[in-house]
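Keep it brisk, and give the cut-offs along the way.

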Amino acid sequence: MVVPSKPVLIVGAGFSGTVHARILAEAGFHVDVIDVRPHIGGNAYDYVDANGIRVHAYGPHLFHTKNRAVADWLRGFGDFVAYTHKVRARLPSGAMAPLPINLDTVNLVFGTHYETAEQVAAHLARVALPIANPANAAEYLYANIGRDLTDLFFRPYTKKMWQFDLEDMATSVVKRIPLRSDRTDTYFADDEIQMMPRDGYTAVFQRLFDHPGITVTLNTAFDTAMLADYRFCFNAMPIDAFFDYAEGELPYRSIRFHTRTATDAQAQGWSVTNFTDSGPQTRETRWDCLPHHIVNETGRRTVTAEEPCDYRDNNRERYYPVKTADNRFQEIYVKYQSLAEKLSTEISFIGRCGTYQYLDMDQVINQSLASARRWLATQS
Ligand SMILES: Cc1cc2nc3c(=O)[nH]c(=O)nc-3n(C[C@H](O)[C@H](O)[C@H](O)COP(=O)(O)OP(=O)(O)OC[C@H]3O[C@@H](n4cnc5c(N)ncnc54)[C@H](O)[C@@H]3O)c2cc1C
């Protein structure tokens, strides 16, 4: 008698779980996907609200990448439109400055009239502090843009975002934000591919799951007893929760979203405004300024402001792993990693919370394509 091979369990219907599910199903495996939430898409989930506006439930998700193979793979599951993301920072004066910092930002802050990148680079070199090997985010910024720009654009923002001072944060947290000396005012200018799904991310997830080998069950939390029914499990749940916090908690920053209706339909040239003040909110998104986000014209618009908080104060909604300069939480994660290695070979932790790293969507897709294909290569 031929024993039918057991299916594969995937925990999490976000990008990491969904990409694994699709690749395995295309290779002939039956895959059961579970998610504790009532919807697919993980943190990239979006929906159309009562104002007829598409809203991203967990903050604005802009797809940008240098990885053409990832973009081409994703384009197989929906129509994408080109979109160039722009952000403005509201200064204490009320002026709106381009972010990342560029030539016009420097002119606005210092009252200068520079016309060339060389002039701005020379200005920044003059105000930069001589710190050869920055040990934390503050030192990195001081060494590149000096005190004034650091304290205006990064100090209060970092404090409300992370609840830590710049001196306590790893340089990697601010190194992700480019610094420019020309007039480039697009946020992801360094990424050659920037695009948005024309019909939203949720529609892309529906297409990804549309395969006879995939069964999705929502409102279902992982339980270790489930493992007995499966040949393997790819698991995107928080790794510390899987091990019942045996090595302590891995902290995250979370966000409370405050969404309101706006009746001023006037278009602005950017979708996200960052707040440089020390109030509780970090930024606000005008969804109608993203492409194809006015789905039904009602004359009303939707705006969402973000208020960062500890994940324990927000129903354990985990958004950003906390990276401090002393690496203390990464050291706890390494302990969980070695516990995971000691488990049987039938489980693999994937995605943002499974590997305790901040990952953009393209990185998660890239890692998941590679991980699913590696696993397939080990199956006879
Ligand atoms: C505010 C914010 C803005 C972002 N903006 C961008 C952006 O502009 N561009 C970009 O590229 N990336 C952005 N990202 C990152 C993007 O959200 C991630 O790359 C992506 O969501 C990671 O997918 P994932 O599968 O690893 O995790 P998730 O999307 O979080 O999916 C994991 C899923 O697992 C489920 N789960 C967890 N525990 C269990 C359990 N015990 N049982 C069952 N299910 C469980 C969760 O409910 C969740 O649905 C942003 C992230 C945040 C938080």
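What follows covers the ligand site, then the sheets, then some single residues.

This is a predicted model, in which local features need pLDDT of at least 70, side-chain atom pairs count only at pLDDT 80 or more, and totals for chains, interfaces and linings use all residues. Residues are numbered from 1 along each chain as its sequence is written, and side-chain values use heavy atoms, with hydrogens and water left out.

Helices (H or I, at least four residues) and strands (E, at least two) are DSSP runs, numbered from the N terminus.

Now the polar contacts, meaning pairs of N or O atoms within 3.5 Å; within protein, one must be able to donate a hydrogen and the other to accept it, and residues adjacent in sequence count only if both atoms are side-chain atoms. A backbone N or O atom of Leu359 sits 2.6 Å from a ligand oxygen. Phe222 places a backbone N or O atom 3.0 Å from a ligand nitrogen. For Val36, a polar backbone atom is 3.1 Å from a nitrogen atom of the ligand. How much of the ligand does the protein bury? Taken alone, the ligand exposes 980 Å², and the protein buries 93% of that. Areas come from the Shrake-Rupley method with a 1.4 Å probe; for residues, only the protein chains shown count as cover.

Helix H1 also holds Thr18. Thr18 is buried, at 0% relative accessible area. Buried means under 20%, exposed over 50%, and partly exposed in between (1.4 Å probe, protein chains only). A polar atom of the Thr18 side chain lies 2.6 Å from the backbone oxygen of Gly14.

Turn to the strands. Strands of a sheet pair through backbone hydrogen bonds, either parallel or antiparallel. Two strands count as paired if DSSP finds at least two bridges between them. Strand S13 (residues 272-275) is covered on both faces: Val272 and Asn274 on one side, Thr273 and Phe275 on the other, are all buried. S13 pairs with S7 (residues 87-90) in the parallel sense over four bridges. There, Ala89 has Asn274 as its bridge partner. S13 also pairs with S14 (residues 283-286), antiparallel, over three bridges. Val272 stands opposite Thr285 in S14.

Another sheet is open, with three strands in the order S5-S9-S6 and antiparallel pairing. S5 (63-65) and S6 (80-82) stand at the edges with a single partner strand each, so one side of each has no neighbour in the sheet. S6 and S9 (residues 193-197) pair over three bridges. Phe80 has Pro197 in S9 as its bridge partner.

Finish with backbone geometry. Most residues other than glycine have a negative phi, and most peptide bonds are trans. The bond from Leu99 to Pro100 is cis, with omega near 0 degrees. Gln163 has a positive phi, near 65 degrees, and is exposed at 52% relative accessibility. Tyr245 also has a positive phi, near 60 degrees, and is partly exposed at 28%.
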